[in-house]
Amino acid sequence: NADEGDPGAIMDRSVLESDPHSVIEGMVIAGKAIGANKGYIYCRAEYPLAVEVLNKAINQAKAYGLLGENNFDIEVYVGAGAFVCGEVTALISSIEGKRGNPRLKVPYPAEKGLFKEPTIIDNVETLANIAPIILNGSEWFKNIGTEKSKGTKVFSITGDIVNVGCVEVPIGTSIKTVIEDIAGCPVDGKKIKAVQLGGPSGGCLPVEYFDTPLDYEPLQELGTIMGSGGMIAINEDKSAVDIARFFVKFCASESCGKCLPCREGTRQMVNILDKICSGNGSKEDIDKLEDLAQVFKKTALCGLGKTAPNPVLSTLNYFRNEYEDIVK
């Protein structure tokens, strides 16, 4: 799964363009482990250089006899640029030549996946880690990270900071360390007031929570997710309401439209946010927005729909005063 669709995210792209053999090697090992003879790299159409480099690396591996028809073989499949195809069942449908719509995950892809065959789906970062773990041993890997989550995580940092780009840190590193010590803030003397984690599916955390470790459970408890690793620093001049509206609009435009909660819910949230931001909103609109987001989160079919309300719910939780100030 190299369908990296989060705005500003370039974690997978940087690996695919600079070290494609790490992913290919991981796929070969995974293929041998489960008895598969075919692998696919589902890559975004917006990454033409990554696709070119991947195909060159695959041809090099074939020349060495490491890939091929009589061995484990790999094909690069170029996706049409739909954000929802990062969801595993939608990705499977896309490779099969169908519309990239998600489905219920039962049966699970490991039982009945691509072309109705058992299929495992992992992202670029996971596969690139396989060979180093085998080379260095599991204890080496387990010594990095936290008790529950081992290893490192690559983050793509952007926003109101000095050092925009990718950074790899042990899981459990604090948000403050990444934003202040590595990314280098503030820019133009503006203080950072929040960080959007996990891309459009994530949440907005205020500076009071910057001591939180970058780990799955602590972030989830605060209403956001680690996601693919997108991280956007937001300074004091930016409106949290505008941030929420930007990401909800993105999710609305990327919804496949299969289930009603996501198809209609995202658009209704955009309508309410537009009304609030234009100065025509009321307190009732804020309450209506919150109710809609809660229902939508519980009833949507796939991961895109279930997490699309996160930017709204997190900003309502931590920056409700900004919504109320606009309404007043």
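E125 is buried, with a relative accessible area of 14% (buried means under 20% relative accessible area, exposed over 50%, and partly exposed in between, using a 1.4 Å probe and protein chains only). You can find E125 in helix α5, residues 124-136. The model you are looking at is predicted, so local features need pLDDT of at least 70, side-chain atom pairs count only at pLDDT 80 or more, and totals for chains, interfaces and linings use all residues. Residues are numbered from 1 along each chain as its sequence is written, and side-chain values use heavy atoms, with hydrogens and water left out.

**Around E125**
- The side chain of E125 makes a polar contact of 2.9 Å with the side chain of K153 (a polar contact is a pair of N or O atoms within 3.5 Å; within protein, one must be able to donate a hydrogen and the other to accept it, and residues adjacent in sequence count only if both atoms are side-chain atoms).
- If you set aside neighbours within four places in sequence, E125 is in contact with D12, T152, K153, V154 and S228 (contact means heavy atoms within 4.5 Å).

**The whole chain**
- The chain has 14 helices and seven strands (helices are DSSP runs of H or I with at least four residues, strands are runs of E with at least two, and both are numbered from the N terminus).
- The radius of gyration is 21 Å, close to the 20 Å that the globule rule gives for 328 residues, so the chain is as compact as a globular protein of that length (the radius is taken over C-alpha atoms, and the rule is 2.2 Å times the number of residues to the power 0.38).
- Along the principal axes, the C-alpha atoms fill a box of roughly 70 × 45 × 35 Å.
- Of the 328 residues, 48% count as buried.
- Among contacts with a separation of 6 or more, 64% come from residues 24 or more positions apart.

**Strands β1 and β2**
- Strand β1 (residues 38-44) and strand β2 (residues 73-79) run parallel and are joined by seven bridges (two strands pair if DSSP finds at least two bridges between them).
- Within this pair, I41 stands opposite V76 in β2.
- From β1 the chain crosses through helix α3 (residues 48-63) to β2, and this β-α-β crossover is right-handed (with the strands pointing away from the viewer, the path from the first strand over the helix to the second runs clockwise).
- C43 is found in strand β1 and is buried, with a relative accessible area of 0%.
- Leaving aside neighbours within four places in sequence, the contacts of C43 include A2, L16, V76 and Y77.

- Strand β5 (residues 192-197) is mostly covered, as six of its six residues are buried.
- Five bridges join β5 to strand β7 (residues 230-235), and the two run antiparallel; the bridge partner of V195 in β7 is A233.
- β5 also runs antiparallel to strand β6 (residues 203-206), with four bridges; here A194 has P206 as its bridge partner.
- The hairpin of β5 and β6 has five residues between the strands, and G198 takes a positive phi near 85° there.

**S201 in the loop**
- S201 lies in the loop between β5 and β6 and is buried, with a relative accessible area of 12%.
- The side chains of S201 and T307 are joined by a polar contact of 3.1 Å.
- Not counting residues up to four places away in sequence, S201 touches F83, I225, T307 and N310.
- S201 and C251 are 50 residues apart along the chain, and their C-alpha atoms are separated by 8.2 Å.
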